[in-house]
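This report considers a helix and its surroundings, a helix pair, and selected backbone torsions. The sequence and structure are shown first.

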Amino acid sequence: MLVLENIKYSKNSNNIINGISMKFEEGKIYGIVGNNGVGKSTIGYIIMGLSDYKVNDGRIILDNEDITQMPVNERAKKGIALLWQEPARFEGITVKNYLTLNKKIPVQDVEEALSLVNLEPDKYLNRFVDKKLSGGERKKVELASCILLKPKYLIMDEPDSGIDIMSLDMIIKIVDYLKKRGTGVIVITHRKEIAIQSEYSYLICAGKVFLEGTSDKIVKYYEKTCDTCGHINYAEEN
Ligand SMILES: Nc1ncnc2c1ncn2[C@@H]1O[C@H](COP(=O)(O)OP(=O)(O)O)[C@@H](O)[C@H]1O
Ligand SMILES: [Mg+2]
């Protein structure tokens, strides 16, 4: 189990996360929804432990171990992974080498992961991960790399952004595949189609959990209320 206990985070004296508590279990799908700027990506970075995202208060507990002070590389070793909203840019390395970096991963596994993200292995294995790959193709390569990591928990930050709408089904299929393999999938999303797939969702507003519960309830509320809500999500000043 991965638990956030009353997490607070501020940057430049702006309170961005204002006491958030969440719980995630392996083998389940979770949604984090909310308007732009409410703190969704920040929550993802805090869970991953990125160096700029040390919390001011609260604890992060992974399988009964306090990992609040643990750096990103150690959290990665413990099985936490993050799919970035914007895919990373690497130059001069092939898709195959990128996906097998420092690891002995059988080529069949790489081919399977590429097929899952709708990239034909024959066409892509020896392509270079560079500017000639489109943003969508790079994002799919990142998605394949998250599949190969076999994480305990995967945070997916807006997994459909930068990918064509046709790929929505692919993302839904992969989230389901990861769940069945035992990964706890934490999906940050605006998309109803993706949020509705999760078993439990958190609606974030102004750095707080505004509402939580079954995804159909949360998605309904979000659609009905947040689209037209005039609430401005400026972070509160200290
Ligand atoms: N490095 C930073 N410095 C100052 N403010 C930031 C920083 N990163 C994010 N913010 C602010 O924190 C709030 C939450 O951002 P973010 O987590 O990216 O929101 P979301 O992912 O929900 O759109 C926003 O108001 C944003 O402007
Ligand atoms: Mg974001």
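This is a predicted model: local features need pLDDT of at least 70, side-chain atom pairs count only at pLDDT 80 or more; totals for chains, interfaces and linings use all residues.

## Crossing of α4 and α6

The crossing in which α4 passes α6 is right-handed. On the α4 side, the contact is made by Asp109, Val110, Ala113, Leu114 and Leu116; on the α6 side, Ala144, Ile147 and Leu148 take part.

Helix α7 comprises 13 residues, 168-180. At 1.5 Å a residue, α7 should span 18 Å, and the 19 Å between its end C-alpha atoms agrees with this expectation.

Which residues of α7 are buried? They are Ile171, Ile174, Val175 and Leu178. These residues cover an arc of only 100° around the axis, which puts them on the same side of α7. The face of α7 turned away from the buried side carries the exposed residues Asp169 and Lys180.

Both strands and helices contribute to the cover over the buried residues of α7. The covering elements include the strands β3 (29-33), β7 (153-157) and β8 (184-188), together with the helices α4 (107-116), α6 (135-149) and α8 (192-195). Just after α7, Gly182 takes a positive phi of about 105°.

Most residues other than glycine have a negative phi.

Asn12, which is not a glycine, has a positive phi of about 45°. Asn12 is placed in the loop between β1 (2-11) and β2 (14-24). Is Asn12 buried or exposed? Asn12 counts as exposed because it has 8 C-beta neighbours inside 10 Å, and a residue is exposed if 12 or fewer lie within that distance.

Asp63 is likewise not a glycine and has a positive phi of about 45°. The loop that holds Asp63 lies between β4 (57-62) and β5 (65-66). With 12 C-beta neighbours inside 10 Å, Asp63 also counts as exposed.

Notes. Residues are numbered from 1 along each chain as its sequence is written. Chains are lettered from A and ligands numbered from 1 in the order in which they are written. Helices (H or I, at least four residues) and strands (E, at least two) are DSSP runs, numbered from the N terminus. The expected span of a helix is 1.5 Å times one less than its number of residues. A residue is buried if 20 or more other C-beta atoms lie within 10 Å of its own, exposed if 12 or fewer, and partly exposed in between; C-beta atoms are placed from the backbone. The arc is that of the directions from the helix axis to the C-beta atoms. Two residues are in contact if their C-beta atoms, placed from the backbone, lie within 7 Å. A crossing is left-handed if the near helix is turned anticlockwise from the far one by less than a right angle, and right-handed if clockwise.
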